[in-house]
Structures are given as structure tokens and as C-alpha cells.
Amino acid sequence: MSMKVVKMKFLPIAFDSIGVRSMASLLRTPYHCIFIDPAVALAPRRYGIPPTKLEKYAQQLARERIMMAAEKCDVIFVSHYHYDHHPRPHDDEMYEKIFRDKIVFAKNPNENVNFSAKKRGYVFTKKVERLCKKLFWADGVIFDDVEFSPAVWHGNENSRVGFVVMMFVSDGKVDFLYGSDAQSLGDDNAKNWVISKNPDIMVIDGFPTNFIGWRISQQNFDKASANLFEVLEKTKVKEILMDHHAIRDLNYREKLKPLFDLAKSKNKKLLTLAEYIGLENLLLEGYRKELAAETYNPKKEIDEIHEYIVDLIEKF
């Protein structure tokens, strides 16, 4: 396939910093337009409270954007089998809009998976095979200008939630890396792969600091932080786009202050995906108590964000 003269472009479509669990993004390369992890979900419980009406509304709008954005793409990448990274099996409309006649690269559901991912991957495979042009396992594969990592842990080594696949693309001028749910690169194999790729721009999900001390140990946080610090020290990365798990903690900036300080000292930008596209963060999940009590009503902001990103999709 011949290379087109196309400047690499990256556009987040749905993400935690605008109120939904997702890392759905478009990436245009000289060869392809790739849709990364086209799905959206909500926390089933936060503070013991189920999703609120406004969160469900934001999810509905994000779902619409994802299906709209899929029309731009010829390649779909699914990094692992969590429902904020691939659609739930009952959502036939999403599967039809996203995967019909597309080339699909997905995490191998038969190797380096836990039991849940193996089951979900089996269902995903059966649905997608009937729709897509071709389905490939992504783990460790190179496809034109896209390189997929071997499977790495979803967070620290021996994580109970299994494995993910990362992605790297270079157009000769910009080196872009998508880290999926490697959670601040707590796995040394993830860290070493990122350092070997030496990206200019890196999308990572950050560490889930709200879990420290009850679901995740302080030791794991310290290890992941040290790995991410090493990446900032040893690579030319200029922009670190950190979203997803990290910013579900309303105090993430305070808890990750050493990381922000290091980035500043190295003249590197550390941004959420909302901030990257010029928006203010809208952390709906973190404010679920207030949303449930109806003491906080950001419907106007949700609508404005949706219209803003729809416009960016149309221009992409």
C-alpha cells in the first residue's frame, strides 16, 4: 500500500475527563484512519450510588459520537475486553456502525487473558467476524505504519484484571503511542516497550489513586510512579495525555503532584484529553453524590461539549 501525504491527527471522542468511562479516539496516519477502543461505559457504583440521569445522558451522547466517528475509519483497534473499550454484546447497533466492513485488530482472546476476558473475547469474535472485512489478533503485530505491543499487564504485574495491548504509530515526524489501560506502566515490560518506542506524544490512563489502600497497594502505586518517571526521564515525549483511571479521583492532581512537578521541570505537557482539545474537565463520576442529590446540574456543559466534539469529528 502506498503512503498518502497526510499529517498525523489525533482526536479524543469520549473519555473520563468529560464524564464517561472511555478512551475512544480517532487517529489519522499516512496509511489509515484508526478508531481506538470505540466504546463507552459508566461506573456501576460510585460511593454506593448507581449512575445518575445526567451521566446516562452523557453516555448516550458519547455513544452517538462514537458511531458517527466510526464512519471516518477503515481500521478499528480494541486493546482489551473491558466494556469501556469495546461495546457490550447486546448493542447490535454499535457493532453494525463500528465494525461493518472494517479491518479489525483486537487483543488475542486466547492468550494472556483472564477467564472474564476469554469469555468476552469469544463473544466479541463471533459478533465481529460476521461484520468486519478482516479480524486480526493485534498482540505483537506490525501493520503498515502501526505497531502493536505484545500483551502487557493491565496495571502492575500479576494484575487480576488481565492484559492489554498498546499501539505505536510514526509518520516520520511525529511518534505517537497509545498506552491503553497499562495504568502508569506498572508492568516493566510496558515501561520498556514505551522507552524503546521513544514517543513524542503518549496517551496513558494513569494510576487509579482512589483505589490505593483497599484494592491496590501503596507499593504498586510507588512502582508504577517510578516506571512513569523513568519514561519521562528517558524519552523525548513532549505531551503526556493522561486520562481514564487517574482522573476518577477528584484529588488526582494532589496525589500525582510529583509527576506534575517532574513534567513541568522537563518542560513537558501533562494534560487530560479534555484539556488537550481545549475543554475544561467535567468529572461527572467523581461528583456522583452531588448529581444524585441534584445539587449539581452540568447539562449545559454536557451539551456544549458534545456539540464541540461533533464539530471536530466533522472536520477530521
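Modeller: What follows is a short exchange about a helix, a histidine and a pair of helices.

Modeller: This is a predicted model, in which local features need pLDDT of at least 70 and side-chain atom pairs count only at pLDDT 80 or more, while totals for chains, interfaces and linings use all residues. Residues are numbered from 1 along each chain as its sequence is written, and side-chain values use heavy atoms, with hydrogens and water left out.

Biologist: Which residues of H3 are exposed on the other side from its buried residues?

Modeller: Ala 117, Gly 121, Phe 124, Thr 125, Lys 127 and Val 128 are the buried residues of H3 (buried is under 20% relative accessible area, exposed over 50%, partly exposed in between, with a 1.4 Å probe and protein chains only). Seen down the axis of H3, these buried residues fall within an arc of 165° (taken from the directions from the helix axis to the C-beta atoms), so they line one face of the helix. On the other side of H3, the exposed residues are Phe 115 and Tyr 122.

Biologist: With which side chain does His 154 form a polar contact?

Modeller: His 154 lies in the loop between strand S9 (152–153) and strand S10 (163–164) (strands are DSSP runs of E, at least two residues, and helices runs of H or I, at least four, numbered from the N terminus). At 3% relative accessibility His 154 counts as buried. A polar contact (a pair of N or O atoms within 3.5 Å; within protein, one must be able to donate a hydrogen and the other to accept it, and residues adjacent in sequence count only if both atoms are side-chain atoms) of 3.5 Å joins the side chain of His 154 to that of Gln 183.
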